[in-house]
Amino acid sequence: MTRSTVFAPFDIVEGDRKKGIVLLADHARRDLPEEYGSLGLPASEFERHIAYDIGVETVTRELATALDAPAILAGFSRLLIDPNRGEDDPTMIRQLYDGTVVPGNYPMAAEERERRLDRFYRPYHDAVGAMIASVAHASGKAPFIFSVHSFTPVMQGFVRPWHVGVLWDRDDRVARPLIDALAADKSLVVGDNEPYDGALRGDTMFRHAIVNGYAHALIEIRQDLIADRAGALAWAERLAPIVDAIDRRADIHQVKMFGSRTGPV
């Protein structure tokens, strides 16, 4: 974790916007602004999955380089505020996460909640929206949005069997070929909407892809596979040709409204 008085809520990796791909990493960093200290937590908690998605920053940056595609990475720890939640989601600012009480988040005054939304959450989503609009303009077609996450191998005592999972709601244009391509490697256990369900109202995919009819998917890679640079590079190399092939499919850059399992869009 790093702290800074000059704090950027997002980072942009430049790429060829004419390709029509946007890469996202909602939980890439574990950083906090200096004024928040450590939210009352010991440094060891920022080594855990509760603070960020381990390995995702390297995977996303390397994938962006391999594809020559732009990426947006959130610059703050999910413990400060979680950008992959709707503004009305009670888990957006967690007071308890996987057995850890977060003292700096309790009690949470309405003014402080709004402050975090204005300083971190909304600037990140504004940047994501601006990048998507820029890619649509440069490419002249509907963007393909690919979000990179990672998951802890064990959660609340349950050993997760998957190496990778693909999360999606109703639009399967990216999810199906992605799952098929990953499952072609018989050494991988591939989850379909595992270890989480991709239908989460108000999350990043809902906000920027589903409501606009843009093809998309969220990938979850098991953290022990990408915790070191070698593993992260290997997964970026694995994903690059798959994502590139999906990007070339005829229906990927069309606006299609599939709706959501969470309710009306």
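# Reading pockets, burial and contacts

Tutor: Start with β13, which gives four residues to the lining of the largest pocket, the largest share. Strands here are DSSP runs of E, at least two residues, and helices are runs of H or I, at least four, numbered from the N terminus. This is a predicted model, with local features needing pLDDT of at least 70 and side-chain atom pairs pLDDT 80 or more, while totals for chains, interfaces and linings use all residues. Residues are numbered from 1 along each chain as its sequence is written, and side-chain values use heavy atoms, without hydrogens and water.

Student: How much space lies in the largest pocket?

Tutor: Rolling a probe the size of a water molecule over the atoms shows where empty space is left. On a 1 Å grid over the protein atoms alone, a pocket is an open set of points with protein on both sides within 12 Å along at least five of seven lines; a cavity is a set where a 1.4 Å probe fits but cannot get out; lining residues have an atom within 4 Å of a point. Points join across faces, edges and corners, and volume is the space filled by probe spheres set on them. Here the largest pocket holds about 410 Å³. It has 30 lining residues, and N84, R85, Y196, L200 and E220 are the closest to its centre. Two or more lining residues come from each of β8 (144-151), α4 (204-208) and β13 (216-222).

Student: How do the residues of that lining divide?

Tutor: Into 12 nonpolar, nine polar and nine charged. Nonpolar covers Ala, Val, Leu, Ile, Met, Phe, Trp, Tyr, Cys and Pro; charged covers Asp, Glu, Lys and Arg; the others, Gly among them, are polar.

Student: How many cavities of 30 Å³ or more does a search of the whole structure find?

Tutor: One. The largest cavity has a volume of about 50 Å³. R170, D171, A209, I210, G213, Y214, H216, K256, F258 and G259 line it. That lining splits into four nonpolar, three polar and three charged residues.

Student: Is H125 buried or exposed?

Tutor: Buried is under 20% relative accessible area, exposed over 50%, partly exposed in between (1.4 Å probe, protein chains only). H125 lies in helix α2 and counts as buried because its relative accessibility is 2%.

Student: Which residues does H125 touch?

Tutor: Contact means heavy atoms within 4.5 Å. Not counting residues up to four places away in sequence, H125 touches P83, T204, R207 and H208. A polar atom of the H125 side chain lies 2.7 Å from the backbone oxygen of P83.

Student: What does the side chain of E45 make a polar contact with?

Tutor: A polar contact pairs N or O atoms within 3.5 Å; within protein, one must be able to donate a hydrogen and the other to accept it, and residues adjacent in sequence count only if both atoms are side-chain atoms. The E45 partner is the side chain of T100, at 3.2 Å. E45 sits in the loop between β4 (32-33) and α1 (56-67). It counts as buried, at 15% relative accessibility.

Student: How many aromatic pairs does the search find?

Tutor: Rings of Phe, Tyr and Trp (its six-membered ring) pair if their centres lie within 6.5 Å; planes under 30 degrees apart are stacked, over 60 edge-to-face, the rest tilted. The whole structure has five such pairs. F144 and F146 form an edge-to-face pair, 6.3 Å centre to centre with 70° between the planes. Both F144 and F146 are buried. Ring pairs also link F7, Y36, F76 and F120 into a cluster.
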